[in-house]
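User: Please examine the structure shown here and answer some questions about it.
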Amino acid sequence: MLEQLLTGFDAALTFGNLAFIAAGVALGIVIGVIPGLGSVTALAVLVPVTFYMQPLAAIAFLVGVNKGGTSGGAVPAILLNAPGTPEAAATALDGHPLARKGQAEKAMKFALFSSVTGDTFSDIVLILVAAPFAVVALQFGPLEFTAVLLFAFALLSGLAGSSPLKGLTAIFLGVFLSTIGLDPIDSTTRMTFGQVQLFDGLPLAAIAIGALALASVTEQLFGLWREGETATDRAAARGDRAANRLPFRTFFGYRKTLLRSAFLGSVVGMLPGLGVSLAAFLSYGAARRASSDPDSFGRGNPEGIVATEAANSAVVGANLVPTIALGIPGNIAAALLIGAFMIHGVVPGPFMMTMHGELIYALFASMLIANVVHLAIGTVGIRLWAHVARVPRGVILPLVIVLCIAGVYLPTQSMFDIGVMLAFAGVGLVMRRTGFSVVCLVIGFLLGGMFETSLRQALLLYKSNMTAVLQSPIALIFLALTLFILVRAFRRG
Amino acid sequence: MSHSTTRRGLLAGLALTVAAATAGLTASEPAFAGAYPAKPVTLVVPYRAGGSTETMARVFAKALGAELGQPIVVRTRPGAGGAVGATEVAAAAPDGHTILFAATASLLWPPLTQKVEYDLNSFIYVAQITEYQQAIVAKADAPYDTLAGLIAHSKQGGGLNYADQSAMSRAYIDFIAAKEGVEWTGIPTKGGGEMVPFLLGGKVDFAWSGGIHNRYAGKMKVLASMNSGRLIASPDTPSIGETYGIAMPSQAVIVAPAGTPRDVVDTLQAAIETATRDADFADLVENKLKFPVKFVGATALQADIDQTVTGLRKVVEQTQ
């Protein structure tokens with residue numbers, strides 16, 4: 001395998017290829033920085049550009065875009081508390097408070113370094129264990145996914161918001177909202193009121209950007225209007241040069257969190273459909289529980305940034321495990337990559353490794369190279385974004401509103417989505433005032449569709465026979481954990 | 001999405017900022033007279049980016065654009081199994097500048113079973129491009145090799161489970177089950193990506209496939225073709241058209257809104273015919289996706305569609 005990988009490096013290390021990786025990473029970051037535009041939009045926009053490239057250059061370019069797009073989202077979350085995706089909301093939890101202390105650059109460095117570390121870890125996992133782990137993924141059927149999702153809901157309810165009950169309420173409000181649209185089993189319409197636009201449910205990007213980014217920015221604008229620019233604003237804008245340094249020793253001090261988060265992200269990434277946001281929050285929760293000072297989380301503890309960014313970037317590489325081993329895309333980004341593979345003559349499926357081994361190993365090599373390139377370009381980028389931190393909030397926040405609207409409109413070109421975004425900005429504001437977690441709502445919505453489908457598939461598959469659970473050790477473990485977490489949370493509360 | 005649409009979309013997004021609250025606006029292009037095409041043609045694909053139809057449309061658009069002398073802008077409008085994009089094109093100006101690349105299933109099934117804003121007469125069928133390779137498949141080591149074998153196996157007792165991918169695929173399989181008096185439970189999955197792990201992981205006994213099984217030769221076997229005819233990769237396996245006299249809509253077509261002038265349709269049809277012979281497109285469709293390139297002109301296609309609709313009505317009546 002090492003020999004194959006070296007051949008891969010040989011093929012991937014050409015000047016043209018490096019240039020395409022660099023261009024991909026840079027474009028990905030720039031698109032990812034716009035609230036609401038993440039790696040998925042970046043890939044969708046840029047896939048057609050690759051039609052004119054050589055296969056390897058095209059795939060290397062897209063790998064760069066995917067990595068850059070995933071990490072770019074951390075920038076608006078840290079600087080402006082305007083996360084466009086739920087996973088960036090996890091970064092904002094500690095990233096923004098740190099930026100308000102005048103350490104925006106340091107927060108971004110933490111994010112970038114953790115991102116690259118998590119990414120590299122999961123790339124290595126992908127290269128080493130693609131085939132055997134795919135077998136594990138096949139063990140996960142609807143019953144197991146239902147149990148995993150219940151477990152995730154229980155964990156999340158304790159993470160954000162003031163009480164687990166409010167957290168659960170917000171999550172299940174999200175799940176409820178996800179049932180709008182065509183019924184996944186009978187295809188009958190539910191709560192669509194005759195609107196074809198609603199057949200596929202409410203648009204996720206519009207809800208996430210509205211409730212997370214737009215609501216936060218609007219609230220900040222109201223605050224600014226009432227109080228004017230405060231001393232904190234001025235201090236945050238000025239920044240503190242010494243405090244913004246991040247020596248390698250300090251970063252390396254978080255190695256335990258880094259490893260745990262990268263591992264969690266890789267495991268979540270290998271199971272198709274669970275996704276980046278879940279990984280980010282699970283890892284954040286794990287880091288908080290493991291910490292000796294859990295109360296410092298949410299107030300600018302760098303460990304929170306490390307945990308989320310390492311985990312969400314680790315999903316990117318691991319997501320390709322089911323793609324390469326079985327031909328099943330782990331998420332939309334992987335599905336777009338599959339489309340690009342096909343156009344460039346690689347048929348995705350279980351035989352990809354044997355039929356296109358050279359290209360796959362060149363892809364692996366490109367992924368590893370892209371991590372180094374990502375580190376270099378990201379470091380330059382931080383200096384650039386640091387200037388943004390110095391612009392008065394009164395100037396930059398209105399611009400973010402425009403970007404939010406453009407970000408929702410761009411991928412779908414639908415005015416209906418803009419309306420949904422505005423409505424959910426209102427919902428987000430109300431929830432922030434009443435102590436319900438907006439993030440829980442968005443994640444409930446995000447995973448709700450999968451939860452309903454898995455649950456109903458399981459009910460059909462086992463003919464509603466509850467004892468089926470006893471035959472699945474994986475489901476049993478996760479259900480027991482769910483119960484344990486909930487009982488503990490409510491005893492404390 | 002090409003560069004120009006990206007930029008246009010961004011500009012439009014900025015310009016509409018003020019009017020953002022009034023959702024549901026659609027800018028209508030003024031009607032024009034003169035040679036077709038007078039400006040870039042928008043090819044709407046009503047499915048998610050990354051799937052085989054969208055991939056096909058992207059490559060085809062390049063060839064078609066070269067043929068028409070105007071760029072083709074591919075625009076994905078996924079949703080409701082294709083009904084969102086179809087609704088949009090049905091309402092577009094009938095001047096040939098907004099056309100749809102879709103599976104006929106998305107154009108025929110929703111009007112027959114749901115409340116949608118288009119009907120069977122909303123489109124002019126310009127041309128067929130290819131044919132989806134729909135099948136009933138099982139794991140390679142399953143104890144049956146044919147649909148008849150599967151039915152015999154089912155009659156030995158114990159209901160079997162199968163993975164479907166849409167209400168329509170379930171309706172067709174349930175139609176067969178009712179006819180044969182066997183008990184099969186449909187487990188809905190969201191497309192081939194979910195069906196494959198269900199089948200290979202042993203969660204279901206057999207599955208409906210829209211063509212993805214071609215990538216899993218050696219791991220899956222075809223029990224029956226769900227098309228009117230046999231599949232190119234399994235010429236010895238009978239189709240449900242032969243056995244039951246019904247067939248699922250299988251055509252991938254380009255349609256224009258009803259009312260599009262005859263000469264525009266003719267120009268378009270001629271350009272499509274030449275574009276289907278494009279080497280890149282043929283390579284993608286035949287070698288990568290394992291679909292046949294199958295050009296059928298407007299007249300013959302309409303007759304084929306009428307026949308498909310007759311079979312569809314039969315299935316709808318019995319199962320819905």
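Predicted model: local features only at pLDDT ≥ 70, side-chain atom pairs only at ≥ 80, totals over all residues.

Analyst: Residues are numbered from 1 along each chain as its sequence is written, and chains are lettered from A and ligands numbered from 1 in the order in which they are written.

User: How many Å separate the centres of domain 1 and domain 2 of chain B?

Analyst: Chain B is divided into domain 1 (40-132 + 250-319) and domain 2 (135-244), with bounds that come from an automatic or database domain assignment. Taken over C-alpha atoms, the centres of these two domains of chain B are separated by 26 Å.

User: Which helix of chain B gives the most to the side of domain 1 that touches domain 2?

Analyst: In chain B, 13 residues of domain 1 are in contact with 13 residues of domain 2, contact being C-beta atoms, placed from the backbone, within 7 Å. At least two residues of this side of domain 1 come from each of helix 4 and helix 11 (298-319) of chain B; helices (H or I, at least four residues) and strands (E, at least two) are DSSP runs, numbered from the N terminus. The most, 3 residues, is given by helix 11 of chain B.

User: Within what arc do the buried residues of helix 9 of chain B fall?

Analyst: The buried residues of helix 9 of chain B are B:Val264, B:Val265, B:Leu268, B:Ala271, B:Ile272 and B:Ala275. A residue is buried if 20 or more other C-beta atoms, placed from the backbone, lie within 10 Å of its own, exposed if 12 or fewer, and partly exposed in between. The face turned away from the buried side of helix 9 of chain B carries the exposed residues B:Arg262 and B:Asp263. Seen down the axis, by directions from the helix axis to the C-beta atoms, the buried residues of helix 9 of chain B line one face, because they fall within an arc of 135°.

User: Is B:Pro111 buried, exposed or partly exposed?

Analyst: B:Pro111 lies in helix 4 (residues 104-113) of chain B. Because B:Pro111 has 19 C-beta neighbours inside 10 Å, the residue counts as partly exposed.

Key
Contact = placed C-beta atoms within 7 Å.
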